[in-house]
Amino acid sequence: MKKKIVLALSFIFLFSYAYAQDFKSITADELKSMLDKKTKAVVVDTRTAEEYGQGHIPTAISLPPERLESIAELLPKDKKVLLVFYCRGVG
């Protein structure tokens with residue numbers, strides 16, 4: 001299971017790179033500030049559906065590893081939109 005999650009997150013990373021070609025790590029406080037300022041962003045929760053159901057960032061869309069094939073339909077067409085991916089962290 002852990003290997004599947006690592007592969008899934010690797011796919012998301014590579015897809016995101018091709019999509020945005022500009023990465024930056026941000027803190028939870030920075031994300032909160034951006035959301036408070038209504039920065040145009042799509043927040044993607046890459047945890048399991050069960051974890052998402054237990055709580056998530058209010059505007060986040062759920063994209064668990066088993067739904068990776070549907071990633072393209074969930075992301076905005078505008079490539080200038082900030083994409084923020086989060087998970088449960090390194091484990």
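A polar contact, as I use the term today, is a pair of N or O atoms within 3.5 Å; within protein, one must be able to donate a hydrogen and the other to accept it. Hold on to that. We will need it for arginine 47.

One caution before we start. This is a predicted model.

Let's take the overall picture. The protein has 91 residues, and 32% of them count as buried. Its secondary structure comes to four helices and three strands. Along the sequence, the pattern reads α-α-β-α-β-α-β. Now the contacts. Take those with a separation of 6 or more: residues 24 or more positions apart account for 57% of them.

Next, the sheet. Its three strands run in the order β2-β1-β3. The sheet is open, and the pairing is parallel. At the edges sit β2, residues 61-62, and β3, residues 82-86; each pairs on one side only. Strand β1 covers residues 41-45. Between β1 and β2 there are two bridges, in the parallel sense. Look at valine 44: across from it, in β2, stands isoleucine 61.

Stay on β1. Valine 43 belongs to this strand. Is valine 43 buried or exposed? With a relative accessible area of 1%, valine 43 is buried, because the cut-off is under 20%. What does valine 43 touch, once neighbours within four places in sequence are left aside? The contacts are Leu31, Leu35, Ile57, Thr59, Ala60, Ile61, Val84 and Tyr86. Now look at phenylalanine 85. In sequence, valine 43 and phenylalanine 85 are 42 residues apart. In space, their C-alpha atoms are 6.0 Å apart.

Move on to the loop between β1 and α3. Arginine 47 sits there. Arginine 47 has a relative accessible area of 14%, so it counts as buried. Here is the polar contact I promised. The side chains of arginine 47 and aspartate 45 are joined at 2.7 Å. A polar atom of the arginine 47 side chain also lies 3.5 Å from the backbone oxygen of glutamate 51. Beyond four places in sequence, arginine 47 is in contact with Tyr52, Gly55, His56, Pro64, Pro65, Tyr86, Cys87 and Arg88.

Glutamate 51 is in helix α3, residues 49-54. Its relative accessible area is 18%, under the 20% cut-off, so glutamate 51 is buried. What about the side chain of glutamate 51? One of its polar atoms lies 3.0 Å from the backbone nitrogen of threonine 48.

Last stop, a residue at the other end of the scale. Lysine 80 lies in the loop between α4, residues 71-74, and β3. Buried or exposed? Exposed: lysine 80 has a relative accessible area of 79%, and the cut-off is over 50%. Lysine 80 and lysine 40 are 40 residues apart along the chain. Their C-alpha atoms are separated by 9.1 Å.

To wrap up, three things to look at on the screen. First, the open parallel sheet, β2-β1-β3. Second, arginine 47, buried at 14%, with its 2.7 Å contact to aspartate 45. Third, lysine 80, exposed at 79%. Thank you. Questions, please.

Definitions and conventions:
Residues are numbered from 1 along each chain as its sequence is written. This is a predicted model: local features need pLDDT of at least 70, side-chain atom pairs count only at pLDDT 80 or more; totals for chains, interfaces and linings use all residues. Side-chain values use heavy atoms; hydrogens and water are left out. Buried means under 20% relative accessible area, exposed over 50%, partly exposed in between (1.4 Å probe, protein chains only). Two strands pair if DSSP finds at least two bridges between them. Contact means heavy atoms within 4.5 Å.
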